[in-house]
Protein chains: 2
Amino acid sequence: MTSAVDFQSWAAPRQSRIETVLDRVLPPTRIIPERLHSAMRYSSLGAGKRVRPLLAFAGGELFDADLERVSIAGAAVELIHAYSLVHDDLPCMDDDVLRRGKPTCHVEYDEATALLVGDALQSLAFQLLGEYRLADDPADQLQMVKLLAIASGSRGMAGGQAIDLQSVGAKLSLPELELMHIHKTGALIRAAAVLGARCGTNVDAKELSQLDTFAKFMGLAYQVIDDVLDAEAPTATLGKTAGKDAQQDKPTYVSALGIVESKRLAEELRQDAMRALESFGSRATRLRQLADFIVLRQF
Amino acid sequence: MTSAVDFQSWAAPRQSRIETVLDRVLPPTRIIPERLHSAMRYSSLGAGKRVRPLLAFAGGELFDADLERVSIAGAAVELIHAYSLVHDDLPCMDDDVLRRGKPTCHVEYDEATALLVGDALQSLAFQLLGEYRLADDPADQLQMVKLLAIASGSRGMAGGQAIDLQSVGAKLSLPELELMHIHKTGALIRAAAVLGARCGTNVDAKELSQLDTFAKFMGLAYQVIDDVLDAEAPTATLGKTAGKDAQQDKPTYVSALGIVESKRLAEELRQDAMRALESFGSRATRLRQLADFIVLRQF
């Protein structure tokens, strides 16, 4: 319990810092086109657990990263995440009406605006990586641009969505499910941790790869838990429509393994993730707490 | 006539070079997710006048830019352009079925795939700017990332689309029309010319600004001509559905000024653009030819 309190006192100021950065970098509503800017802010601000930015902060602590730099990198990843939620909720995708306890963007505004919101949030993410100084060596920062782009694109998150689309109604094997989620959620989660770390100094390639392994397991654990919550939690707690997966006949860990086995798998993945951190010692305290937070979360 | 032949012999190898680069950087269809990669290639390859890459090449010639570098920068801009066409054609936007003489992406594939195609093409554009060496100084290249992101986002192209959406059925004044097009088409056209130039060496800030002014006028001229062609040309020549603007009650230069005045305006803008190039002398030959090509084109 002490540890949970301690984690919250670490996480809370960082979550609010991300909120501040997002508020600062998103164009104000009074600027043309007002409706688009209003919808971009609606879809990015004031909600969300900010798991990816927290991973960036925890990754950054491995290499004493400057807090302001990590805030920008974390905000960039969060903008990509926010754009993907807006597009996923569109009628031609998951057709969802509720997100983070509010009407989805296309319900609150309209479909065309939601499409442009996603497009413009993606651009803004890359603008941040070009505009602010995040690494001592600008050549390293270009690598960060490349990393986020690959994680977001057809070999990463957007590709995971495409695999997801193809899988509706299909019975996937466990390796196929994994492949889908390594793309769909995993790529961006890994990018978050690694980008945070790359904001640091004296970044070691081998340690970066261990961090990446940690994040890979955590990304899968995150998804397994997401599937469990979708099957178990009520809509009000979830902040999005519960039971959608089964309703849309989507392959999930729960449909493949059942709830009990899914929870066991999540715990196994959490332990795999922890093992990847062994050599870090106390430098990885926040990463470990974050792993617990993600796997043991109730919402 | 000699000049037109000469221009074609300059443009043709560059257009085919862009085709080659796009073919190389787009993931092959055999890679998972196959359908997404197939749709990305369908939407980017084998068609289009490649006006933006040509502007990048012509801008690059002002500062002796390396051809390979400009090819990558030009391909990045073209990927952004291709993504915007795919999203613009979606049912919730212009709802168009024909593009570059072929069924639009969502007609040939499906809406969800078309959405992801656009998303992933945008990511790929930024991947190119992070992955390849385009400027001697990586810090300059980060500025290029920022420039393309701003040109693509809510204060650029996506913002122009949003203004366009808000304007359906409205009667816009000429300054309002200009504001829309400076965002919608102009931002990316300017980015193309300037990014091409920034691939060069000893890039002079004042000259860069003159080039930007040229591209600003050209972007507007391009749009005026587009409106004229939409009103005048048959669908078969245009490669996209003709007469859509009037049908959708969109404000255009033709609806605001009529065809004769629109043609006069395009010519005036072409002359404004030419004036911005005066101090360049023969270094700007290709830019001048390109301006003629754009304004005097018949399709």
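This is a predicted model: local features need pLDDT of at least 70, side-chain atom pairs count only at pLDDT 80 or more; totals for chains, interfaces and linings use all residues.

How many residues does the contact take from chain A, and how many from chain B? I looked it up: 46 residues come from chain A and 46 residues from chain B.

Entry, chain A's side. I checked which helices touch chain B. In chain A, H2 (34-44), H6 (111-131), H7 (138-152) and H8 (157-167) each put in at least two residues. H6(A) gives the most, with 15 residues. I also sorted chain A's side by class and got 25 nonpolar, 15 polar and six charged residues.

Entry, symmetry. A rotation of 180 degrees, with 0.0 Å of shift along its axis, superposes them at an RMSD of 0.0 Å. So the two chains are related by a two-fold axis. I then asked which C-alpha of chain A is nearest that axis, and found that of Pro138(A), 2.7 Å away. Both copies use the same surface, as 100% of chain A's contact residues recur in chain B.

Entry, a helix pair in chain B. I picked H3 (residues 51-61) and H15 (residues 285-296) of chain B. Their axes are 9 Å apart and the packing angle is about 155 degrees. Since angles over 145 count that way, H3(B) is roughly antiparallel to H15(B). The crossing of H3(B) past H15(B) is left-handed.

Which residues meet there? From H3(B) I listed Val51(B), Leu54(B), Leu55(B), Ala58(B) and Glu61(B). Facing them from H15(B) are Arg286(B), Leu287(B), Leu290(B) and Ile294(B). By class, this contact has seven nonpolar, no polar and two charged residues.

Notes:
Residues are numbered from 1 along each chain as its sequence is written. Chains are lettered from A and ligands numbered from 1 in the order in which they are written. Two residues are in contact if their C-beta atoms, placed from the backbone, lie within 7 Å. Helices (H or I, at least four residues) and strands (E, at least two) are DSSP runs, numbered from the N terminus. Ala, Val, Leu, Ile, Met, Phe, Trp, Tyr, Cys and Pro count as nonpolar, Asp, Glu, Lys and Arg as charged, and the others, Gly among them, as polar. Copies are superposed by least squares on the C-alpha atoms of residues with pLDDT of at least 70 in both. Axes are lines fitted to C-alpha atoms, for helices over the stretch in contact, and angles run from 0 to 180 degrees between N-to-C directions. Angles under 35 degrees count as roughly parallel, over 145 as roughly antiparallel, 65 to 115 as roughly perpendicular and the rest as oblique. A crossing is left-handed if the near helix is turned anticlockwise from the far one by less than a right angle, and right-handed if clockwise.
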